[in-house]
Amino acid sequence: MTVSVDFWFDPSCPWAWMTSRWVDEVARLREFDVTWHVMSLAVLNEDQEVSEDYAAFFPRALKYTRLVAAAAELHGQTMVKALYDALGERIHPGGNTNPAEVIPAALAEVGLPAAFAAHADSSEYDRQMRASHFDGINRVGQDVGTPVIAVNGVAFFGPVISPAPMGDAALALWDGVVALASYDGFFELKRSRTREPIFTRAASSK
């Protein structure tokens, strides 16, 4: 049976990063492809009252979102994932919060010219970026965030996990989450987070 998986992410979100590493592992083991889409925490919260610290984060986050949106328009799906990986490794495990360092290094890694960095400060592809964002968020509702995953058309927020499981543990979690999401009457299952993102992947249960 063909599995269709779509994944929406904001490059700056550590929880989306954790979930994306898990989805990567499942896709590798189950041998299916994932279509990667950009979304934006800045757009999600543009009409919301948030703390000053959170609001101060949005301009930096928007740079990365715009950069990936430009990559999607100009270079296609393969570059979306490659650039997400290159940015995310520096932002999350690398802990680098300086776009002036992160962006040039990520572009060099994926083979894009240094001049491509100008897209991080350009609204040229904002219409496409916002369309991608709302395509994802409208599938799950406005009261959630990133990531959003759709499996064979069934969309859900999350899961929020730390660390990302590997091997059989990754597959067990995947099957459980997809089973819950596939029930039309299922809406929410949640508990308070008791840890920060752990970027070292969890060992396989094997």
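**Salt bridges, core and voids: the terms applied**

Mentor: E25 and R28 share helix α1, where they stand three residues apart, about one turn of the helix. Helices here are DSSP runs of H or I with at least four residues, strands are E runs of at least two, and both are numbered from the N terminus. The model is predicted: local features need pLDDT of at least 70 and side-chain atom pairs pLDDT 80 or more, while totals for chains, interfaces and linings use all residues. Residues are numbered from 1 along each chain as its sequence is written, and side-chain values use heavy atoms, without hydrogens and water.

Trainee: Why is the meeting of the E25 and R28 side chains called a salt bridge?

Mentor: The term requires a side-chain nitrogen of Lys or Arg within 4 Å of a carboxyl oxygen of Asp or Glu. For E25 and R28 the N to O value is 3.0 Å, and the pair therefore qualifies. The structure holds eleven salt bridges.

Trainee: Is E25 buried or exposed, and is R28 buried or exposed?

Mentor: Buried means under 20% relative accessible area, exposed over 50%, and partly exposed in between (1.4 Å probe, protein chains only). E25 has 4% and is therefore buried, whereas R28, at 54%, counts as exposed.

Trainee: Which parts does the pair R66 and D126 tie together?

Mentor: The side chains of R66 and D126 meet in a salt bridge at 2.7 Å, N to O. R66 lies in helix α3 and D126 in helix α6 (residues 126-137), so parts 60 residues apart in sequence are tied together. R66 is buried at 18%, and D126 is buried at 15%. Elsewhere, salt bridges with shared partners join R21, D24, K81 and D85 into one network.

Trainee: What makes a set of residues a nonpolar core?

Mentor: The members must be buried Ala, Val, Leu, Ile, Met, Phe, Trp, Tyr or Cys, joined through side-chain atoms within 4.5 Å. The largest such core has 61 residues, of which W22, L83 and L87 touch the most other members. Helix α3 (residues 52-75) gives the most to it, with ten residues. L83 itself touches L67, V68, A71, A106, L107 and V110, leaving aside residues up to four places away in sequence; contact means heavy atoms within 4.5 Å. In soluble globular proteins, nonpolar side chains tend to be buried together.

Trainee: How do you know that a void is a cavity and not a pocket?

Mentor: On a 1 Å grid over the protein atoms alone, a 1.4 Å probe fits in a cavity but cannot get out, whereas a pocket is an open set with protein on both sides within 12 Å along at least five of seven lines. Lining residues have an atom within 4 Å of a point. Points are joined across faces, edges and corners, and a volume is the space filled by probe spheres set on them. By this rule there is one cavity of 30 Å³ or more.

Trainee: Which residues line the largest cavity?

Mentor: They are R66, A69, H119, S122, E124, Y125 and D126. The volume of this cavity is about 30 Å³.

Trainee: Which residues are closest to the centre of the largest pocket?

Mentor: The largest pocket has a volume of about 1800 Å³. Of its 48 lining residues, F157, G158, P159, V160 and L189 are closest to the centre. The elements that each supply at least two lining residues include α3, α6 and β4 (154-157). The lining divides into 26 nonpolar, eleven polar and eleven charged residues; Ala, Val, Leu, Ile, Met, Phe, Trp, Tyr, Cys and Pro count as nonpolar, Asp, Glu, Lys and Arg as charged, and the others, Gly among them, as polar.

Trainee: What is omega for the peptide bond from G158 to P159?

Mentor: Omega is near 0°, and the bond is cis. P159 is found in the loop between β4 and α7. The bond from S162 to P163 is also cis, with omega near -5°, and P163 is found in the loop between β4 and α7.
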